Each structure stands twice: as C-alpha cells, then as structure tokens.
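Subject: Structure handover

Hello,

Here is the structure you were waiting for. Please open it alongside this message.

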Amino acid sequence: MQRRTFIKYNALAALSFTPLFADMAHMHDMDSMSGHNHGAHDSSAHAVHNAHHTDTSFITLENENLPLINPKDFPQNKPLAPLTLLSNQSKKQGEFHASIEIKEDSISLVKGKQTRVFTYTDTRAKSTSFLAPKIEVYEGDRVKIEVKNSLKEPTTIHWHGLPVPPSQDGNPMDSIAPNESRIYEFVLPSDCAGTYWYHPHPHQATARQVYMGLAGAFVVKSRSDVLKDFSESDWFITDLRLDTSGQIPANTLSDWLDGREGELVLINGQHKPQISIDSKQRIRIYNACSARYLSLEIEGAEFMLLGTDGGLIEKPIKQKRLFLSPASRVEVLIQNAKKGSFKLLSHRYDRDKMMPKDEPKTLELATLHLKSLPSALPSTLRTLPPLPQSTQELHITMSEDHSKMHALSTQSKEQIRQNLAAMFLINGKVFGMNDVDLRVGRGITHDIIVTNKSHMDHPFHIHGTQFEVVEQILNGKSEKPAFRALQDTINVRADESVRLRMKQDFKGVRMFHCHILEHEDLGMMGNLVVE
Ligand code: C2O
Ligand code: CU
Ligand code: CU
C-alpha cells in the first residue's frame, strides 16, 4: 500500500467544523486495515465495553487558530547553560538520595509575562526553574527519590528506559494522589550506563503534564568508562507552545491526531542558544518532545555516534545526520575540519501526518562555536555479548480506526472526543488499565515483532528494558541494522515491521506504547505481564 494514496484531513476544516470532509471515501482503505487482532489477549470483551463508556473529559479541543507568541519575543541567542544537577543528600558512595516536589508555578519565560507551568523542583534548590534538574548517578547505585505531588491532580514519575522494578517505575496504575508523597527506590544494575530521562505517566494526562513542563534528564555513568577523559554536556530538546498572553494552551484536535509540536524548539530550555565547544566533548542529546521528530545536521561538521538510549555502541560511527524520533537519545562527539561558527539544524521529516501544516523545511536550533577538534577516539567503546537466541515471539500491531472520523462538521464535540478515544489501537483495542495484553516469562529472551498498520509513523517504546533491533521489514524488503545498539524506543514507519530482541528481569506489569504522548493518552498502549 502506498502511503501517499491517503487523503489528509484538512486542518482548517476540522478546526472550524465546516463541511469539508466530503471526500472520505479513501478512508475505507484505512478502516479495513485496522481492528485486526494479533497476539493473544484476555481482554477484548473489556475493551469493547470500555470504548463505549470512556471518560473523555481529558480530550481538550482548543481552538486551532489561537494567536501564538512571536518566537522572536522569546529570549534567544544566550550562551547555553548546563543542566542543574538534582542534589544528592547522601554522602555515602553508592547511594543517591534526593527529593523532588512536583508543583504548579508561575515563571517569567517572556518579558512582562508570567507563564503557568508545572515543575520538578529539587527541594534543596533555592529557586524553581522551568527546566527539571538532571539526575546523575552511577551503575550499582542505590537510588532513593522522595516525591511530593503538590499538583491538584494525580501524577507519577516514570524512569524512561531504566531497568527498575515495575512497582518503582511510575506506571499509570500507581499514581501519587494530590498532596501525597511517595518514595521511588531502586538499585541500578551494573552495565546500565546510558542516557535516560524521567517524565510523568498518569492515565490520560501524560501529554499535558509533559507540555506543562515535566521532563528531565537522567544519566547513569560507569566508573570504568572508556570516555572518562572527555568533558560532558547535555542537549535536552523540548518544544513549547505559548499563546500571546504567555500561557501554555491546551491541545487542539490536530494535536490529538498527530501529536503536539510546540512552535518553540528549546535546548536546555533555551531558544537558539550559542553553544561553545572548546574541548573534546561527549554530548548527550535527548528528544523530549511529545511528537516532534528531529533530523539534526551541523553544516560543515559531522557527528561521531558514540551511543544510543541504553549506552555506548561498539565502535564510533560517523553520521552526517542524526535521526531522533520522540523519546530517543544519543551520545555523540562533533568533528569538524575547520574552526568557526556552525548552525545546528533540524530538517523536516515527513511522518505523514493527518493534518499537515505549512511547516518550515529546516529549523535552526542553535549556533555552535567550534575549535578545530582532534578526533582521537578509542576504536572500541564497548563489546556487546553475542546476540542471544530468542525462545518466544510476541506480536504487537499498531493501527488507527478512522471509520468514525467522517463528516466531523456534523458531529458534536463529545462525539469527536468519543471517536478520538477509540481511534488509536494496539492489537485492535485501546488501553485498559486492568487488561493483560501480553505475557512473557521473566528472564526469557523474546522477540517482539511490532507492525505499524496505520498510515503514519509511530515511535514504539517498552518499559523496563533495552532491546536490540534485529530486523526491519518495509515493502517486503528486509534490512538488518548496520550496527548493534541498545534502545528502548524505535520509530516504526507506516506498513513497517520491526523485530526487537529483549528480556525482562523483573516480574510485574510493563507498559508498551506509542511515544507520541497524545496517542499514548488516547489508548495506544498496552500491558505486558512479566511472570
Ligand atoms: Cu517515556 Cu511509557 O514512557
Ligand atoms: Cu518508558
Ligand atoms: Cu502514535
């Protein structure tokens, strides 16, 4: 099936609810693609029931034409500030104790305006900042983080990509009620050094809490790091939308369909910063955007890829462009022949959105000031053990049901909400809190084959482990990855199938979902029970 044959929603039509949805005939192709059940689950009866009684009050339908702030009014061109570290209250080696308050606050992001935001605040810090503190710990550390929820709504903290027990991983069924506290506690295993992040994961409110400001970097270091002589920095990339009054507006229909892309793309909370790099620097790049895909390039320089989500790769690999779908991370070194100033660009990636807007082809994210950097790098960064044999196969199909998206102009907002809440499916159903969607044994190497039977890209993520991509099949063509890498998130293109090899080391419930956070909230998520 060709991606291009699908009709797109007309954004203007949808937002004004005028009858421009006449030609929905093409959508039948999509209807017939969705709803197929792959893999066993005990919960289809449940799901059908759910679909008719979903509380959809979380689905905001903000006006698409809301006037937004002119990006020029947002401070820019300042030197990039490093992330502040969450303070460790323990003096003992091997222990990390900290406390975070999650709260609503007003912060001045734009001159003369106060923006209402949510923050992760280090209770030991003197002031609140918009950007969450970075957590930096070592392999083997016992981590204990006390979290106070001062929001007026439930939340959780999920440690994205980390091998922590399910009971400590901020699952939606384990939320912290308003004004309650809890302690997250886990011991990090050896060999898990890597670039992770943390964000909320409450039922149906993840997207909103993240765009209100909740997301932070989490780095696990190794005491025997081959790159320990390199200095380190972080580029934590988020996107932000502000209306003309300086407030963060709620999601529109387009946001729910395609995932929200805030107009301001920020690095460490800064717009178009100036970044000076004058030593050999290992840079950790995080795509913490809800739905924005990044295709990074530095004109006149190259990236040496050193690592992915779950830590170092085996050998450095030269890359002109870095592709980061939502939730992905990399470690890189920049190589350039000549010193000077260079632009960090993000090229447009066509993920076949339903409501394409006129988007700029290329975004300018920062200006880099580089010395001519020597490229002495160890030829081996890490040795991954031979790829294990898999003894079990699980299947996950992501699809979309467009059958009720006809003639939106004739539907009430509540009907549209109901339809949205039944549109994004995994194995033919929307997420149910108590559903058992897949089962696997603890410690068993298994393959999950993820197939995207919709017409747009969906970044697939699974909790609690790192996987290796074994094979990608698109249009009947099978491809093996060019190098081995540990990941917890992988973009799956329309009509693509990916074979992922992994194991789960703890019993309990693990979430798997699309990491476009709006799709996750709308139910493109499932439970994997590890027994
Ligand atoms: Cu980063 Cu379940 O998510
Ligand atoms: Cu996660
Ligand atoms: Cu998705």
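Below are notes on the metal sites, the cores and the salt bridges.

This is a predicted model: local features need pLDDT of at least 70, side-chain atom pairs count only at pLDDT 80 or more, and totals for chains, interfaces and linings use all residues. Residues are numbered from 1 along each chain as its sequence is written, chains are lettered from A and ligands numbered from 1 in the order written, and side-chain values use heavy atoms, without hydrogens or water.

**Copper sites**

Three residues coordinate the copper ion (ligand 3): H458 (ND1), C514 (SG) and H519 (ND1), at 2.0 to 2.1 Å. Donors here are N, O and S atoms within 2.8 Å of the metal (3.2 Å for Na, K and Ca); water is not among the atoms, so sites may look incomplete. Along the chain, the spacing of these donors is H-x55-C-x4-H. C514 and H519 are buried (under 20% relative accessible area; exposed is over 50%, partly exposed in between; 1.4 Å probe, protein chains only).

The copper ion (ligand 2) has H158 (NE2) and H461 (NE2) as protein donors, 1.9 Å from it. They come from distant parts of the chain: H158 from strand β5 (residues 158-160) and H461 from strand β25 (residues 458-462), 303 residues apart. Strands are DSSP runs (E, at least two residues), numbered from the N terminus. H158 and H461 are both buried.

**Cores**

The largest nonpolar core has 42 residues; I135, I157, W159, Y198, F218 and L240 touch the most other members. Such a core is a set of buried Ala, Val, Leu, Ile, Met, Phe, Trp, Tyr and Cys residues joined through side-chain atoms within 4.5 Å. β1 gives this core its largest share, five residues. Another core, of 41 residues, lies apart from it and includes I59, W256, V440 and V498.

**Salt bridges**

The whole structure holds 39 salt bridges (a side-chain nitrogen of Lys or Arg within 4 Å of a carboxyl oxygen of Asp or Glu). One joins R282 to D225 (2.9 Å, N to O). R282 is in strand β13 (residues 281-287) and D225 in the loop between β8 and β9 (231-240), so the pair ties together parts 57 residues apart in sequence. Both R282 and D225 are buried.

E331 pairs with R284, with the closest N and O atoms 3.4 Å apart. These two residues are buried as well.

R493 and E496 form a salt bridge too, at 2.7 Å between the closest N and O atoms. R493 is partly exposed, at 30% relative accessible area. E496 is buried, at 0%. Salt bridges with shared partners link K134, E136, K221, D225, E232, D234, R282, R284 and E331 in one network.

Best wishes

Notes:
Helices (H or I, at least four residues) and strands (E, at least two) are DSSP runs, numbered from the N terminus.
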